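Hi,

Here is the structure I promised to pass on. Have a look, and my notes on the salt bridges follow below.

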Amino acid sequence: MFSTSLLNMLLSVLTLSIYRFWGKTNVRRQLWGAVRAWGDPLEYTGTGKELFIGFLIVLFAIYLPLVGGFAWAQVMLVSGNPLGALLLSGLYLLTVMLVSVGLYRARRYQMSRTVWRGIRGGQTGSGWSYALRTLVVWIAVPLSLGWAWPWGEMWLANYRFNNTTFGDRHFKCDATASGLYGRFTLVWFSGLIFVVAAGILAVGAASLVEQGEMDETTAAVAFALVLVPLAVLTMALPSAWYRAGFYRNLAAGTEFEGSRFSVDIRAWGLIGLVAGNMLISLFSLGVLRPMASLRTFRYGCSVIGVEGEPDFAKVLRAEDTGPSTGEGLVAVLDGAGEF
């Protein structure tokens, strides 16, 4: 994986980043091939060409018209046209919705290019339906001062997993946010404590600068040195505890052909995984991100369990082969995705 990372970086530089689509494909093939289920490896069948074509389609059909729309809205605002603000708001909303659609379609593409024992995965459902659900959650969360988040997150996860397929059979997910609100209460109040504490520290630092007892640079460094460990104590630990509970609930509520899933996730394990991945990406300037992806894959494989073995003899190949191009919306509008 280390040699793959260096080769991808070199070829991406030489091709002005065009090779990244083929580099991403090579990384996925290695990651998928390293995963075994019931003794047989997964196979990734996507191609760099599919990713590149998807990127070009979205670039010219969606991204450039959006840029033109934003430029037009700015001209209207400068000229005093009241419709400019309305157009700008509509374009921002459309962009956010498109990112949600893109993430859903990206998952569909990856699932359709995942093959095990000759049978491919898949994803049904609608990207726009998922985007509308996401919009509902985004509206509900601030209106509820954040308390709708566990429900909303699980609602979206249920939609994704109930539309996940293997061959001609669907996964079933009935996971709920039950039991998560105790953990989320700690997260919510910890976040409140962090915000209040950060505000007090900021006021104190500004006061010292104003009184001439400390220069701005020293005050900024001191503020950061105090803020970072404070964030770890008040935000990272409670959030990791909540995430571990969320994943356990989600896995316990998911089944395939009568077999239930489980995950053995602990807060400290998640913190070590995320912190390690961040350090790898940071100190390698992003070059070794595939190594971070490999750590994530290995961790996932080590904590996932299945009660019993599904009757795979009943699973037939599905006719739907998935989208012909891949992940253009995400690549252009969001740029998300570690691999």
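Let me start with Arg113: this residue counts as buried at 6% relative accessibility (buried means under 20% relative accessible area, exposed over 50%, partly exposed in between, with a 1.4 Å probe and protein chains only). This is a predicted model, in which local features need pLDDT of at least 70, side-chain atom pairs count only at pLDDT 80 or more, and totals for chains, interfaces and linings use all residues. Residues are numbered from 1 along each chain as its sequence is written, and side-chain values use heavy atoms, with hydrogens and water left out.

What does the side chain of Arg113 meet in a salt bridge? The partner is Glu50, at 3.2 Å from N to O (a salt bridge is a side-chain nitrogen of Lys or Arg within 4 Å of a carboxyl oxygen of Asp or Glu). Glu50 sits in helix α3 (residues 48-78) and Arg113 in the loop between α4 (83-112) and β4 (114-116), so the pair ties together parts 63 residues apart in sequence. Helices (H or I, at least four residues) and strands (E, at least two) are DSSP runs, numbered from the N terminus. Glu50 is buried too, with a relative accessible area of 17%.

The structure holds nine salt bridges. Another of them pairs Arg260 with Asp174, with the closest N and O atoms 3.3 Å apart. Arg260 belongs to strand β10 (residues 259-263) and Asp174 to the loop between β8 (172-173) and α7 (181-210), so this pair links parts 86 residues apart in sequence. Arg260 is partly exposed at 23% relative accessibility, and Asp174 is partly exposed at 48%.

Best wishes
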